[in-house]
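I would ask you to look at the sequence and the structure together while I speak.

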Amino acid sequence: MSLVKRSHRRGTLNTSLLLAFVFLCLLGAFLHRASWLGPSSSVGNINDFTLAKEESFGFFDDIPKKDWLRRKALSRTRMHDVNFEPRTFRGHIAASAPYHQLNWDPDFSCSFKDLVGDKWLCDPHRLENQPCLVLSVGPNPDFMFERALAKMHPHCEIHTFDPASREMEDLPPSVHHHAIGIKPSYEMNRKVAAVKTVFMQRRRWDVPEKTLGELQKELKLQDRQVSILSVDCTGCEWYTYKDFLKIGAQQMVLEMHETPGNRNETMFDMHNAGYVIVHKDPEFDMSGGAYTQYTMVKLAKSFFE
């Protein structure tokens, strides 16, 4: 065999070995990535979204498993230790702003969090293809949130409860106002009863009140899933919040006023009921941060395991 043919064959063999080596490297990298992402990470695999859908009661139906697991891991880093207690300050208002600022940070991320009227919601676009029932306790006098939500999602059925609301002309047809306040359905301990007394003393008049359960029953809403529970009742949240938890709304938007004696008990009870915080918005213009709006989403217990 000539020297030229031997050299050509040797060059062809080296090229083939090089191509085989490159192929094996690429194959190894692909298999390593596939094993890291997990068995349900393939694009288009419907089971990839099952975990998020199950642990959010159907609310998040398009989040891949790997991203959901990352959210779970990040949520676990938010232990919600109470880093600041108001007793180090004099005065209710002065103590409240640092408490809300330094404790209870958001522990869950929504990809498309948005401001609807004057309230932040987690991924409001998800309501488009879902049954939508909204209960709003203590709407703003101009019904800013309710009007904006009705415009965004006309199919949402919105019920508002407030004996003192104004500017009710030209409310959207999907917004139904009820001139009544709310009260707790349960027996309060001495600490919570004292909190109620403080806030009740600030009222200038008596108002008719019913429990949320009574209102749901009267309106034939007791068997329906509540999509959003919005509460801004100037203190009643601290002594009626257990009724909020009974409703089990997908989202809660709560305006927390000041920091009464049962502040930690209330916040931990909501956390233990499966609510994660997705947004925290202090009201600096009205209270210097003593009033803070929290947006929360309800997740299954398995999310925290």
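Let me begin with a question: which cysteine forms a disulfide with cysteine 110? The partner is cysteine 122, and the two sulfur atoms are 2.0 Å apart. A disulfide here is a pair of cysteine sulfur atoms within 2.5 Å.

Before I continue, a word on the source. This is a predicted model, in which local features need pLDDT of at least 70 and side-chain atom pairs count only at pLDDT 80 or more, while totals for chains, interfaces and linings use all residues. Residues are numbered from 1 along each chain as its sequence is written, and side-chain values use heavy atoms, with hydrogens and water left out.

Now the overall picture. The chain has 10 helices and 11 strands; helices (H or I, at least four residues) and strands (E, at least two) are DSSP runs, numbered from the N terminus. Of the 305 residues in the chain, 46% are buried. Buried means under 20% relative accessible area, exposed means over 50%, and partly exposed lies in between, with a 1.4 Å probe and protein chains only. As for contacts, meaning heavy atoms within 4.5 Å, I consider those between residues at least 6 apart in sequence: 65% of them join residues at least 24 apart.

I return to the disulfides. By the rule I gave, the count comes to three. In the pair with which I opened, the torsion about the S-S bond of cysteine 110 and cysteine 122 is about -100 degrees, so this disulfide is left-handed. The pair links distant parts of the chain, 12 residues apart: cysteine 110 is in the loop between helix H4 (92-102) and strand E1 (114-116), and cysteine 122 is in the loop between strand E2 (119-121) and E3. Cysteine 110 is buried, at a relative accessible area of 10%, and cysteine 122 is buried at 0%.

Another disulfide joins cysteine 132 and cysteine 156, with the sulfur atoms 2.0 Å apart. Here the S-S torsion is about 95 degrees, so the disulfide is right-handed. Cysteine 132 lies in the loop between E2 and E3, and cysteine 156 in the loop between helix H5 (144-152) and strand E4 (157-161), so the pair ties together parts that are 24 residues apart in sequence. The relative accessible area is 4% for cysteine 132, which is therefore buried, and cysteine 156 counts as buried at 1%.

The remaining pair is cysteine 233 with cysteine 236, whose sulfur atoms are 1.9 Å apart. With a torsion of about -95 degrees about the S-S bond, this disulfide is left-handed. Cysteine 233 is buried at 17% relative accessibility, and cysteine 236 is buried at 2%. If the bonded cysteines are numbered in sequence order, the pairing reads 1-2, 3-4, 5-6.

Next, strand E3 (residues 133-137), where serine 136 is placed. Is serine 136 buried or exposed? It is buried, because its relative accessible area is 1%. Its side chain makes a polar contact of 2.5 Å with the side chain of glutamate 146. A polar contact is a pair of N or O atoms within 3.5 Å; within protein, one must be able to donate a hydrogen and the other to accept it, and residues adjacent in sequence count only if both atoms are side-chain atoms. Leaving aside residues up to four places away in sequence, serine 136 touches Glu146, His159, Thr160, Phe161 and Ser230.

I turn to a pair of helices. Helix H8 (residues 237-247) and helix H9 (residues 263-272) pack at an angle of about 10 degrees, with their axes 10 Å apart. That makes H8 roughly parallel to H9, a term for angles under 35 degrees. Axes are lines fitted to C-alpha atoms, for helices over the stretch in contact, and angles run from 0 to 180 degrees between N-to-C directions. From H8, Trp238, Tyr241, Lys242 and Leu245 meet Arg263, Glu265, Thr266, Asp269 and Met270 of H9. The residues of this contact divide into four nonpolar, one polar and four charged. Ala, Val, Leu, Ile, Met, Phe, Trp, Tyr, Cys and Pro count as nonpolar, Asp, Glu, Lys and Arg as charged, and the others, Gly among them, as polar.

Finally, the backbone. Most residues other than glycine have a negative phi. Phenylalanine 57, in the loop between helix H2 (50-55) and helix H3 (65-76), has a positive phi of about 55 degrees, and is partly exposed at 48%. Phenylalanine 143, in the loop between E3 and H5, also has a positive phi of about 55 degrees, and is buried at 0%.

Note on methods:
Angles under 35 degrees count as roughly parallel, over 145 as roughly antiparallel, 65 to 115 as roughly perpendicular and the rest as oblique.
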